[in-house]
Amino acid sequence: MKKAEKIYLMLVANLGCCICKRPAEIHHLLTKKAMGKKASHYDVIPLCADHHRNGGHGVAIHSGIKTWEATFGTEGHYLKLTKDALGV
């Protein structure tokens, strides 16, 4: 990973969870994956551990993206908000 990518990921995480504003970790967009590869380090949103992977179905995006997006909105929506917040 390049230094610029590390800095970008740190800035994204520092925004706090885009759902609840708690401390965040990085979520690579699932809808940007291609041929089994992870999305770009610039196609990420900040999610707390619960909204990312620990919250179970309906709360955690990795427990069911369709349900998560029906509840909270699309990954693309939050990607735009994230990039806007960082002035990208």
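Student: In which helix is His 52 found?

Tutor: His 52 is found in helix 2, residues 49-54; helices (H or I, at least four residues) and strands (E, at least two) are DSSP runs, numbered from the N terminus. This is a predicted model, in which local features need pLDDT of at least 70 and side-chain atom pairs count only at pLDDT 80 or more, while totals for chains, interfaces and linings use all residues. Residues are numbered from 1 along each chain as its sequence is written, and side-chain values use heavy atoms, with hydrogens and water left out.

Student: Is His 52 buried or exposed?

Tutor: Buried means under 20% relative accessible area, exposed over 50%, and partly exposed in between (1.4 Å probe, protein chains only). His 52 has a relative accessible area of 9%, so it is buried.

Student: Which side chain does His 52 join through a polar contact?

Tutor: A polar contact is a pair of N or O atoms within 3.5 Å; within protein, one must be able to donate a hydrogen and the other to accept it, and residues adjacent in sequence count only if both atoms are side-chain atoms. Here the side chains of His 52 and Glu 25 are joined by one of 2.6 Å.

Student: How do strand 1 and strand 2 run?

Tutor: Two strands pair if DSSP finds at least two bridges between them. Strand 1 and strand 2 run antiparallel and are joined by four bridges; His 28 stands opposite Val 44 in strand 2. Both faces of strand 2 are covered, with Val 44 and Pro 46 buried on one side and Ile 45 and Leu 47 buried on the other.

Student: Which residues of helix 4 are buried?

Tutor: An α-helix has 3.6 residues a turn, so residues three or four places apart point the same way. In helix 4, the buried residues are Glu 75, Tyr 78, Leu 79, Thr 82 and Lys 83. They cover an arc of only 135° around the axis (taken from the directions from the helix axis to the C-beta atoms), and therefore lie on the same side of helix 4. On the other side of helix 4, Lys 80 and Ala 85 are exposed.

Student: Against which elements do the buried residues of helix 4 pack?

Tutor: Contact means heavy atoms within 4.5 Å. The buried residues of helix 4 pack against helix 1 (3-14), strand 1 (25-28), strand 2 and helix 3 (65-72). Just after helix 4, Gly 87 takes a positive phi of about 70°.
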